[in-house]
Structure formats: C-alpha cells, structure tokens
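Colleague: I'm new to this, so please take me slowly through one part of this model, and show me how it sits among its surroundings.

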Amino acid sequence: MKKSYQSLEVNITNNMKQVIHRRLSNSILQLSLIVLLAFTTSISAQEGDPAKGKALFNANCAACHQLDKKMTGPALRNVETRLSEEEGLDREWLYAWIRNSPGMIKSGDAYANKIYNEYGGAAMTAFPQLSDDDLNNILAYTAEEKKAPAATAVATTPAGGDSGNSGGISNELILGALAILFILLALGLYLVNKTLRRFAQVQDVELPESTRTPLWKAFVQNQFLMIVVAIFFLLSSAYFVYGYLSQIGVDQGYEPVQPIHYSHRIHAGDNGIDCKYCHSSARVSKHSGIPSLNVCMNCHKSIYQVAEETQQEGLREYGVDYNAEIKKLYEAVGWDDENQKYTGETKPVKWIRIHNLPDFAYFNHSQHVTVAGVECQTCHGPVEEMEVMYQHSPLTMGWCINCHRETNVAVKDNAYYEKIHEELSKKYGVENLTAAQMGGLECGKCHY
Amino acid sequence: MSSNKKYWKSVEELNENSSIVETLKQNEFVEEIPTDEFLGDKETLESTSTSRRDFLKYVGFTTAAASLAACEGPVKKSIPYVVQPTEIIPGVANYYATTIANGFDFASVLVKTREGRPIKIENNNMAATNGSANARVQASVLGLYDSLRVQGPKKDGEDISWSDFDSETTKALIDVAAANKSIVLLTQTFASPSTNKLVAEFSEKYGNVSHVQYDAVSESAALDAFQAKYGERGLANYDFSKAMTIVSVGADFLSDWQGGGFDSGYSKNRIPDHGKMSRHIQFESNMSLSGANADKRVPLTPSQQKQVLAKLYSLVVGGSVSTDLPDNINDAVAKAASQLKKAGSKGVVVTGIQDVNAQTVALEINEALGSKAFDPKTPIKTRQGNDKAVMQLVADMKAGKVGAVIMSGVNPVYTLPNSADFVEGLKKTDLSIAFSLKEDETASECQYVAAAPHYLESWGDVELKKGHYGLTQPTIRPLFNTRQFQEGLLKWTENESSYHDYIKETWGTDILGGSSFNKALHDGVYVGTLIEEVEAEEVSEENLEAPSGNAARALAASAKSEGLELTLYTKVGMGDGQQANNPWLQEFPDPITRTAWDNYLTVSKADAEELGLTNTNVANGALNSNYAKVTVNGSSVTVPVIIQPGQAKGTVGLALGYGKKLGLKEEMQTGVNAYPLYQNFNSVQNVSVEAVSGEHEFACVQLHNTLMGRGDIVKETTLEIFNTKDKEHWNPVPVVSLNHEETPVTSPEVDLWDEFDRSIGHHFNLSIDLNACTGCGACVIACHSENNVPVVGKTEVRRSRDMHWLRIDRYYSSDDTFEGDNDKKDEMSGLWGDNGSLGGFGEMEDPAANPQVSFQPVMCQHCNHAPCETVCPVAATSHGRQGQNHMAYNRCVGTRYCANNCPYKVRRFNWFLYNGNDEFDYYMNDDLGRMVLNPDVVVRSRGVMEKCSMCIQKTQKTILDAKRDGRQIKDGEFQTACSAACSSGAMIFGDINDKESKVAKLKEDNRMYHLLESVGTKPNVMYQTKVRNTTEA
C-alpha cells in the first residue's frame, strides 16, 4: 500500500487530468507556485533538497509519520528545530536515532527512551541504508513551511465559471436559432401559399376542387387494413407490456446511498488497488465478500485525510466531504485518531447490498474469478470509474446464459480440464469449448 | 430365488381382501383436498358475514397489493465483520474435529461450520475408535439451536448472575462440608480423564464427596461381570469384522447395546467376498435391528434367552445345564454351538441380558473360543454407571444423609423408576444444583439450575476405549450465558485456570507423552502410547455380585418367568430420551416399525389376538390402535400397541426415552414414559397387560409411498445359491417381449428413448449394498441436515406427507416357512387329526410370526430415462449430463404430475410453507433453529415439489475445488450426505466414468441390479442383491 501513499501528491495531477479544462490554468498556476516555493526553499536551506527529501519521506517514513499530525510516530514538521530548541539535541542525534533507534534505546539515551515509551513501546524501524545526504534532504523537507492555506485559497477562488459555461449554452442557442428559422420558413411558405391563392382569386383562375374522400376515411372503411392495424397495435402493446413486466425485479442501475460514501473511483481507479485486495474471498468463496473494516484500516490507519485537491473535487463534483467519510470509518471501527488507538467501541457498517441474486440461484465467485479468470468488470462494469457503486448488469438469467454460451472455458494449464476438454472438443468438433458445451446451461448447475 | 418370495411392509398387506392396500396401490395422493368438507358445510357458509362481493373485493385487493409489492425489491443490508477472523471466509466451510460425549452417545465427529455456525455433523474418518456418528449424533447439532435451552443460571426459577451463584453455592458447600454431611456428584458417564482428576481435587477440598455415575439405560450388569473377571470397570470391546460366526442372545449390538458403534465392523463381513460372509444368529424377543439383519433369527422369551445362553455355554465350553427349551429352539442352539465351535477363534457370542451371570457366561464363552473379535484388553469406557450406588444414593437422600447434590448430564427425576423417592430425597438436601441444558424434570426440582453449554460449545476429553482418547472443542462461542460442569468444579476448587488449560495440562502430563496437544485437537482423536498396566479399581464387595463359579448353571436356574415378559429397549431415533426435543429425531421413522413420533407396546400377533389388542389401517393407510395397560409391580402405564411381526410369543416390548414433559415443545411431548417400568434397572420385567379401549393414531409410514404393487424390488438370494449358481439364476435381468421374443430390458432396441452419451466428464452413480445396510438411519438424518428437509409433524406424517428425501423401506418376507408348509400340505390326509387339513392349515405358521427382514434405502433413483421429466409441463425437472436429475424449485408450479409418474415414489410435495410458519413450530420456525440451515441449499416454499438431488451442491463443490487447484479428482472425493454418513460401507458414491473407482466396479458386480429395472428407467442408483448366509453347519 505504499503506492497509494506515495502518490498522494501525484494524485493531484492525476485528478487534474479529469477535471474540466477551465481549471487547468489555475492548476498550472498552483503547480508553478509549488515549484517556485520548492525552488526558493532549496536555495535557502543549503543542507538538503526538499524535493528529493519528499520522495524519500514518502518512501520510508510516511507509513508511520506525517508532517503535521501525530500518527504511529510523532509529527515531524520542523523536527530538527524543535529538537534542538526543546531537548538540545543536534542533527547527529537524529542521524543516530534514525539509523538505529533500538540501539539508542538500549544504550539508555534519555530522550530515546522517553519517545519509545511515549509511543507505546514500539521501536522505530532502523534505516541504516539512508546516507547523510538522504537524511539532510528529508530534514529539509520537514523544515518546509506549511503550504495548505495557499492551496485552499486557490481552490476556493471562483474559477471563471461564467466564461467556461458559454460552450454548453451555445449548442442550445444554435438549436433554438434553428427552430426559429424553421418556424419562420414554415410561416413564409404558408404566407406565400395564401398570397398565391389570393392572386388566383383575383385573376379568376379556377382551382380544381378536391373530391376524393380523405385518406383517413378511406382507411377506416377498409376493414382488412383495420384488422391488420388492430393486430399490429395489440401485438406491439403486448410487446411493450411484456417488456415492462419483465424488467420488474431487474435492478440494473440500482445505486443506493450507502452509509459511508465509498468511492471505487478513487480506490480502484486513481489508486489502482486490485479488486481482490479488498474483496479477497472472491478468489476462494462463492461470496466476493464485503471487506471487513480491518481491511480498510490497513491503509486508512495512515491515510486519515485525502489530498486537498481530492477533497475539493469531492465537495464540488459530488457534494461529498471525503475526510468526513474517513471519520465515519474511524467511528465504525472504533479508531481513536487523536491517540492512535482502538477504543473497542465498534459500530458495524450496514452496507446496502447492491447485487442481489435471488436465493434460488447459486453463484460462485471463485468459479468465475479464479477458475475462469473473468475480469470483475465483465459483470460489474467500469467499477474503477464509479464514484458511487451501481449495478451495471441486469443479473437476469438470460444475461447469465448468454455469457455461458459465448464464453470459452479457460482450460489452459488446468489439469482438471485436460481429459474432459480433449474428449468433448473432439465430440463437438470445436477448438475451444464454451461453458454451455461444458454443461453450463443445465438447470441444476445453478438451482439447487 | 428372489421371485418366489412375497415381500410385504405391513401386516395389512397380508390380508388379500384389504381394500386399503388396493387403494394405496392405485392412488398416490390418497388424501383428497377436503373441499367437500368446506363447501358441504352449508350452515357455516350461510352464517358467514363475507358476501360474494366482499370476497371478490378481497381477492382483487390482495392481488393488486401483491403485484404492487412485487414491483419494488426490499432493501437488503450486508454487514461485514469489523475484524474478520482469519480462519473464516464467508461462504467457505470450516471443519472441526470434536467428540460427543453426552452420557449415551460417544463418537468422534467432524463438525461443519459456516460463518461460525455449526451446521452439520460428519464422521471423523481418523477415528479408530468405536462409534461413528449414528442418527442421534447426526441430529445432535440441532440441539445447539434449541430455543428451550436454559439461557443463564437460575435459582428457584429466577435468573441470577454467575457471581451470585458462585458465592451462594460455595458458601452452601462449605456449610455442608462443615456439617459433615456428604456432597454427591451425580453425573452421567464422562469417561473423561480431566474430569476424573477434577472430581478428585474437588473431593480433596471438601472431603466426604462421592461421585456417583449414572447411566439412564444401565449396563451395570455387564460392567460388574467384566470388572469381576478383568479387574477393571469397562465393557469388553468387540470387533465384528474379525468374526465369521456371530451368535447374539438378546443383544441388539447393531444399535445401542453396550454403547453401540459396532455396526461398521459387522458390515465388513456381511458383504460376500470370495464366496464367504459372516453368519449371524440372533436369539431375541423384540424384533431389533440386529435381529432384522440376522441370517437366522429365533424368537423366544427373555427367560428362554437365559437358558439358551447357558446351554450354549455347556455345548461350547462344557459342563451340563438343565433347560426346558422347546425342541426347535434346542435345535437352533445346538446348531449355533456347532457353528461356533467350527468357527473357533472366528466366532463370537454377545448377550444383552441384564444379568451378571449372563454377561460372565458370554465373556467365558468368548475366552473359550479364543475369539479374535473379542478384546478385553482395551475395554470400552463409555459406560460407568453403577446401579447399586444410584439406589444407595436415593436411599441416603431420603434418609437425609446427603447435604448437597450436584448433577450434570442426568435427569433422574425422569429416568429413575423410583423418581418420587428421588424427588423426596432432593427436598431433604441442603443444596441441589443441576447443570442442565434444559429446564427439565430434574432441573425444575433443584434449587439451582446451572445453565450448561451444548457439547458444541464446550471443552472436554473422553477416554472412549482404554488408551483411545477423544477431545471435545467448542465450535461456536456459547450462545447463552452458560457454564459447563467442569468449569463449575474449577470455580469451587478455586482454580483460576480455564477448563481448556486444565485439559491441556492433564493431557500434557498424563496422556500425550510428548506428542502435540494441538495435533490431537486437530485430529480430535489420540491413541495413547502410554497404556499403563491395569490398576484394579477398588470396588467394595457389596457393590458387586461375585459371579459364581458356575455362572451358567445359576443362569439357567434363574430363568423363571410368569406371564408376559416385557423387554425395554431404546429406539435408534430416541436413545435414552435426552434429545426428545429434537424434531429430526422425532420425525425419524423407527427402522423396524416405520413409526415416528411415538413409542408403543410391540406385541406378537398371537398375543394381540388373545389380549384383544388391535391394529387397524384407516382409509388413507394410516395406522390406528387401541391401548394396552402394562403393569409391573403396581406401576402401570397405558400405551398404544403395534402388532410386531417377529415378536416372540409371550413377550412385549416398549421403548424408553419417550413421554418427557418438561423442557420441550408441546409437539415433541410424544409417547409414554417407560422408565417407571425399568425397575431395578432391569430391562426385562414380568408384566400383566390388559386392553384398554380408545383409539390411538400413529404416524406410521409403512404403507406410504408403496411402489404400486410392483414386485422384484428387493432381490435376495442365499449364500449357497450365490456361490454355486450363475447370476442369471439369482439376479436375472428382466425381459420384455419384443416381436414376441424375450429381450432383456437393457438392450437398446426395447428402449423408447435414445441413449445420451454420458461417457465424457463425470457420471455419478450411487451403489447401495443391501447386505451391508443395517437400517440404522444415520443417512436419513444426514440427508435431513444437509438438504434442509423440513419437519412436518405427526399429523402430516400420518397423512403420508413426510418429506424425507431418503427413506429406508423395511420389507418382511417369510421364505423360511414355505418349504415346511409344502411338505406338510403334501402329507395331509383327511380332515381331522394331526395331518388333517382343517387343523393343519390353521397351524401352518403364520407368515407374520417370524419374518425375514430386508432394509432398502430408497431415494430419487436419478433415472437416465426419467418418467418424471417427460411429464413436467414447465420443464422444472430436467436431466444433467452428470447423471443427476435436476429439480429447479423456482420453476415448479406444483402440478405433481412428476410424483404421479415416478415409479419409485420418491418425490415430496410441499403441502405447506414449513418455515416461519407457526403451524409447524419446529426448528425452521425460529431464528435460532434456522441457524442450522445449510446456506448452499434452497429452503423450499409451499406448492413446490422436491426430492433427492444426489447432493449436487456437494458434487459441484468437489468439482470446483479440483478446478481451482487444477487437478484431477480422485475416487472417494465425491460424496453425498448419505454416503458420507454411512459407516457400514453400504452406500458407495462416485463417478463411473472413472473406471478405477469403486462404484464403477460395483456397477459391473454380479449382485448389481436396478430398482424396477423392467420399467426401463435406467437409474443411476443401483442396488447390490442381498445374500443371506443360510448355511447351517
């Protein structure tokens, strides 16, 4: 999960690719601001490069430390200054501590032991591989000023929305103008016709009277046509009624509001977490499994808030306060974020189940995921793009069966299939067997 | 040859003029829908306030409401774990090895749990000890979810906390100890090394403690005899797989005799192998499971049994005894003795007579034979009860000598014959505590009820046989606020450790000898390497009747009888009655009488006529009877009667374990308590019986689902014919006429249908060996629990609406008698006299007097050419390539055509909604009971046909597991619930396309036949012809 963490900053850029163009300029502005800031600080702090330090920090320290927040370990903003001011400890002490903290604790160093005890007797991992330069870079990074307010200020400024919206309206305008044009044209034609008739009247030109029975009357009088039409009408209405009735109980697109707004887009999409990391039982069980909250806490123990950009995007695009949603998770799992410990008071989350197969249909995830190697998206749709999870497929029997008819069985490198595939493919004279040919359409395979 | 025999299931069928039997043959659904009853009742119809218009309004409204409600699905919530235990994956079952030790049933089992809930009991194949999971053990999982369990400690009926319980009881115990009164622990047989140690520690602390072990159904006589002979309190172990001649005198060793669990060994030699199979001779009075399986069964009275045993002793070992046995029995004994002698070390004699002399005689005969099947070195420890100590305790309590009684696993107020004395004594004790699962008869008489956990929630250890141990481990967190007896002892001895730690410690020091405790726990069983030399337990002389030097003579002399002799027995389904609140067991039809939900007096036909006891079959085939008043020494009970073919004349039988009144649902309060007749713990009593008028309605399934009068259902032959004649003689393939030529039905020309090619992939077959099947019924309960089969209750069973997917048909036949009759008929001359036809025909043995019995498990035969499939109008039932006949419940509209067209009568219709319906208040009606349901099998709804699926959920799982691992499937991996439960090897399931598999070989076996083969259904279930070893030597 290191990846998800490292990429917090990267996320900002990632997210930006998806925001609409009007925000691009602002973002560039912001980026350049950061670059500028970084550049200036690197000049001022002669001992290290905060940009490199940041990368190192994210790779090595971020699992337990944040700059401004106590986590498994203490907050590290300005750690060097604080240490020298409060404890009188210099950079050398820090080097020693980072490279071999257990050793320092053993040696009986007073402050080392104090810290060790303060954080519940969990010794910090030793990082002997970090060179002085590396550590200097990291410390330079920790010495950076907090830049959060700038970001908020940028994000909250109204970003020229009026001008941006013009493109959307123009389409409607064109359509409106066209409509008016057509009306004018029709009106013109009518007026021309009227004028011509008046001319004719004035000039005594005899206009031929139409004596034919009107078309609709002729139609009504033709019984054969009436019967055909009636049958057609009945059939088509039956078709639509049937269509309506057969979609009862089909909840395609079902998109309930969940107790915690969990964004698959961020987790599976932006952060690229494998589906089966959380839904691990899909590999071995009939259930894909809703991840238990301890799985969430694997990452969210350190990820207590989303990147500022993501937070703003959530507020703007979806009206969701992601940070508040993480707090909901903490409440449910009983995690005291302040003191970094579990309270033991849990409130299990009552998720609303989206994909409901009827009880009489047996479906096994592992058969499809592990044996057949079917992508989750085949049935569940583009989950990695879903901000709110919804039912992508109809989950009807026809839908199941259709797939079984079309999909070849993944027989490769599976000793179970060797014999049966050889014999069956010979029997049917095909290269690859479909699930249906393998017996995947039999009633009892899913209903028992 | 099989076709000579007439098979019958009920005495009624022997009556040629019975209209009922005829009706049942012609009409499967005998019970009409009672429309006339409703519409014909004009008064009620007229007085009703609902007019026709109202009715139509209601119909319209409800239809509209129903369709509106159907438009929107309910919101379903899914709640994941907060912290998921690593061993639990939702949807994947975990198995734990444990041991049941409830005082009556002891067995090593595997418990299947799903999402933390135990849902099924299976055999632990690692267990080398006696006792695979029988029907009661299979059903015991339901006891965990019994809604009437005691949910917390109680004092005088009020809830109290455990801390109050502890402080109060500890104080009371100290007071009792200070007053120098005795403290008595009255418990079931635990056979637990750790408990014994704990009890010793408890006695050390309080002093004056006695531990009385009490078995409701006593084996005291056998224990005493064994102890006198071998110096250790235990029961001789028998391995019937090493015996070729088995003589049983009154021992029903295939069910619960001496702890039971002998059936799997017995069955091994019942399958003819290289022309040999064991011979089993049974002398008994009731028709028991063992008698039903015997090659030769001699019905006689219990007093005659004693003489038979004595005579057998004199003939095999030596010495002389005087007996007054009738000639035919004498002859049978002589033949049995000569066969035993011939078999030598391959012979074995067992007896169930509750008499020290009898038990001693049996031990001595086996010693004299040098029987290999007889093993006194590793005695069975699962019965320890001492009748005399129990009787002494009751006397002491009555005399006010006992200060405190702590009970666990026993219900003496229900099971003691003199329970009134016990209750009186209980009132005189200063402290009475019952550790109990239920607020039963005893618990409600005690001051404190300590809520005890079910064995699936407890820790424990058992020494099943000497040196053979089992461990009990919890498979679920305790559902209620309970504490097991041993934890109580730990509290009272101020031991801070948990019972788990205590067991671990005991095992570490005394048992394991260096092997891993975790491995023993994982396996559930452990065979000790540290078998110590026998330490003769100290037994006070007065507690033990020293058998005289010539036990046989004493035995013969003691065989006196007056009047009718009653033999009390335990039913396979109910045992000693502690699981009476288990609907699976209540609905389980007794293998012999095929009657569920009752106990009854079994009488012979001759006695019944004499006493005026009657059985009648009413129009729909259900059985009725009048009552009999049975009196023993002044205590009497009134019980319904079943006329039992094979019951010895002059004897009656009655099952223990029924008639419980407290701690169970009203529906389960069935039968009559027979324990008051169990005086002096003797299962044989002299009784007087008189008929009492009245009409009792039985739920007897023996006339249900008959195979429409078609013959050749059971095929059987004798060992002699089997060895000497061709298959065509004793197991011919039926022939049909094709172009006026006899053609075997197996030939493709006579078939209506084209054969599908099933040679690719799996093709499942189930083979049922009629020789190995003892009729024990473990498969019936296993099927119940695997497939969520509903319990329908007594009245519905009576209406022939039982839902068992798997039934064990029991057929009687009377082949023995025909030859004698023919001879007699040939020799007849004149009307009168000994050879006269008038008297002679009457004397000819009644076919019901001593029939032969065959058991035949029947479930859906999964016909390749299934008649049910072709008649379903909605294609709800169809065939799979793997041979299974599928049933799509959601497609079924309930026309019942399939059931009508099924020649095997194995389809079951859901006449009602059996779950969540107060009318059927069994386990599926409460949240607790529903926890036992198998989540992989649909719970069927009203109006749907259901039937055996050949456990397709299990075969599919096996296939999926293999696919996931990417491997071939080995023989033996495929199992159905019934084949997995069958410990006798009668049911073998597998893939016949795997040519090396057992089942493929069985299909080619000469004994193989299909049920009603002449119909041409080509079933995937096959049977192996029954072979009887009738060779008299």
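Modeller: Let's start with chain A, where buried residues make up 18% of the 448 residues. "Buried" has a cut-off here: 20 or more other C-beta atoms lie within 10 Å of the residue's own, while 12 or fewer makes a residue exposed and anything in between partly exposed, with C-beta atoms placed from the backbone. Keep in mind that this is a predicted model, where local features need pLDDT of at least 70 and side-chain atom pairs count only at pLDDT 80 or more, though totals for chains, interfaces and linings use all residues. As for names, residues are numbered from 1 along each chain as its sequence is written, and chains are lettered from A and ligands numbered from 1 in the order in which they are written.

Now to where the chains meet. Chain A brings 45 residues to the contact and chain B brings 39, where two residues touch if their C-beta atoms, placed from the backbone, lie within 7 Å. On the chain A side, helix H16 (293–300), strand E3 (351–352), helix H19 (365–371) and helix H22 (417–428) each supply at least two residues. E3(A) also runs antiparallel to strand E2 (residues 77–78) of chain B, with 2 bridges joining them; strands count as paired if DSSP finds at least two bridges between them. In that pairing, Ile352(A) stands opposite Lys77(B).

Buried or exposed, what are its 6 residues? 6 of the 6 are buried, so E17(B) is largely enclosed by the rest of the structure. Leu431(B), Ile433(B) and Phe435(B) point one way, while Ser432(B), Ala434(B) and Ser436(B) point the other way.

What lies beside this strand? Some background first: strands of a sheet pair through backbone hydrogen bonds, either parallel or antiparallel. Strand E16 (residues 402–408) of chain B pairs with E17(B) in the parallel sense, over 5 bridges. Met407(B) has Ala434(B) as its bridge partner there. E17(B) is also joined by 4 bridges to strand E18 (residues 448–451) of chain B, and these two run parallel as well. Phe435(B) stands opposite Ala450(B) in E18(B).

For another example of parallel pairing, go to the open sheet of 4 strands in chain B, ordered E13-E12-E11-E14. Its edge strands, E13 (296–299) and E14 (347–351), each pair on one side only. Strand E11 (residues 245–249) of chain B is joined to E14(B) by 5 bridges, and in E14(B) the partner of Ile246(B) is Val348(B). Helix H12 (residues 302–316) of chain B packs on this sheet, touching E11, strand E12 (279–284) and E14 of chain B.

Last, the nonpolar cores, meaning sets of buried Ala, Val, Leu, Ile, Met, Phe, Trp, Tyr and Cys residues joined through C-beta atoms within 7 Å. The largest one has 273 residues, and those with the most contacts inside it include Leu309(B), Leu312(B) and Leu566(B). Helix H14 (residues 356–369) of chain B gives the largest share of that core, 7 residues. Apart from it lies another core of 14 residues, Phe57(A) and Ile98(A) among them.

Terms used: Axes are lines fitted to C-alpha atoms, for helices over the stretch in contact, and angles run from 0 to 180 degrees between N-to-C directions.
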